Amino acid sequence: MLTYEPTLETAHTYPTIGETEVEFFQENGYLIVHNALSGAEVEELRRDAVHICRGDAGDIRGVTRALPGETDDDVMQRYLCIHFPHKLSDIMCKYLAHPVIVDVLTHVIGPDVKCMQSMLFIKAAGKPGQAWHQDEDFIPTRDRSLTGAWIAMDHATVENGCLWVIPGSHKAGILWEMDDTYDARFDCTKESKGFPYRDEDAVPVEIAAGSIVFFNGYLLHRSLPNVAATGYRRSLVNHYMSASSLLPWHPPQQGEGMAVTDYRDIVMIAGNDPYAYKGITDLAVPHVRPTRNGGCANPALNLKTAE
Ligand SMILES: O=C(O)CCC(=O)C(=O)O
């Protein structure tokens with residue numbers, strides 16, 4: 001298990017949650033914890049994001065090393081989102097087990113919690129959002145315990161493309177149909193459709209830098225493009241689940257049955273791992289998420305790009 005060692009500031013008091021917050025999360029499928037990170041911690045994440053985008057943290061598929069003379073803004077504007085930054089950055093890895101995250105997740109998931117994914121969104125002005133989706137469409141737990149922790153590294157506003165959620169939409173426990181989206185407001189991620197909610201049912205999650213929004217893996221959510229004139233909407237988004245559940249995220253290995261498939265590139269952040277005897281396997285490759293103007297992985301989308 002990771003231990004958290006604040007490096008820059010000790011005066012910050014980390015908020016904790018109780019029954020009211022747990023009930024809010026269960027009812028609505030999301031929870032905002034304001035002021036979760038200190039200013040120094042936000043600064044530490046921002047500096048590390050620059051380091052990663054300059055290519056100084058190590059090899060990331062799709063990241064090109066900054067050329068001499070290129071400014072931090074030059075490099076940051078290249079990337080919408082980098083997947084698995086925790087695989088090469090000790091700082092990103094440390095924040096997987098931030099005390100507020102451990103506190104909230106041990107309340108809403110249970111005592112044993114593992115992390116399998118991190119994403120660093122830079123989302124400079126002009127970059128697209130993500131269409132309606134449910135995270136369990138992409139990361140399938142067997143016990144529906146998938147939970148995201150979305151750490152705001154800038155103030156997230158409607159203008160710069162904050163998260164929007166449909167409160168209570170997790171409750172049906174249904175994964176809605178998904179299809180390609182040709183809407184130029186969004187990146188290449190498929191879009192959920194056919195669900196019984198309207199866009200008007202959604203609420204924007206406008207939060208200050210240093211706040212964290214937690215959300216259930218069945219919650220319908222999306223984000224719109226960053227239409228601010230300048231700047232970024234940076235966030236570190238990590239995904240977690242109960243360590244008691246297997247994670248059939250990758251196809252079974254040869255000779256392995258689907259029922260025992262278990263993705264083991266995980267980081268324990270609380271409690272015990274009942275499957276520790278399997279060990280950890282290094283599987284995830286840090287990479288840049290394709291955007292419309294960066295080329296989509298789906299060739300059909302590439303043909304129809306609107307930008
Ligand atoms: O931050 C965003 O723009 C989208 C994040 C998201 O949809 C997710 O983490 O599942």
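## Terms and basis of the model

A residue counts as buried if 20 or more other C-beta atoms lie within 10 Å of its own, as exposed if 12 or fewer do, and as partly exposed in between, with C-beta atoms placed from the backbone. By this definition E23 is exposed, because 11 other C-beta atoms lie within 10 Å. The place of E23 is in helix α1 (residues 19-28); helices (H or I, at least four residues) and strands (E, at least two) are DSSP runs, numbered from the N terminus. Between E23 and L246 there are 26 Å in space, C-alpha to C-alpha, and 223 residues in sequence.

Residues are numbered from 1 along each chain as its sequence is written. The model is predicted: local features need pLDDT of at least 70, side-chain atom pairs count only at pLDDT 80 or more, and totals for chains, interfaces and linings use all residues.

## Confidence

The average pLDDT (the predictor's confidence in each residue, from 0 to 100) is 92 for the protein chain, and 92% of the residues score at least 70. Residues 1-7 have pLDDT below 50, and the model gives this stretch 14 contacts beyond near neighbours in sequence. Two residues are in contact if their C-beta atoms, placed from the backbone, lie within 7 Å. Where pLDDT is low, the predicted coordinates should not be read in detail.

## Overall fold

The protein chain contains six helices and 13 strands. Its radius of gyration, taken over C-alpha atoms, is 19 Å, which agrees with the value near 19 Å for a compact globule of 307 residues; the globule rule is 2.2 Å times the number of residues to the power 0.38. Of the 307 residues, 41% are buried.

## Strand β11 and its partners

In β11, eight of its eight residues are buried. Strand β3 (residues 113-121) pairs with β11 in the antiparallel sense over eight bridges, and M119 stands opposite V237. Strand β4 (residues 147-152) also runs antiparallel to β11, joined by six bridges; there I151 has L236 as its bridge partner. Two strands pair if DSSP finds at least two bridges between them.

## Surroundings of the ligand

The shell around the ligand includes F121, D135, H221, S223, S235 and V237, a residue being near if its C-beta atom, placed from the backbone, lies within 6 Å of the molecule. Two or more shell residues come from each of β10 (221-223) and β11 (235-242). The shell divides into three nonpolar, six polar and one charged residue. Here Ala, Val, Leu, Ile, Met, Phe, Trp, Tyr, Cys and Pro count as nonpolar, Asp, Glu, Lys and Arg as charged, and the others, Gly among them, as polar.
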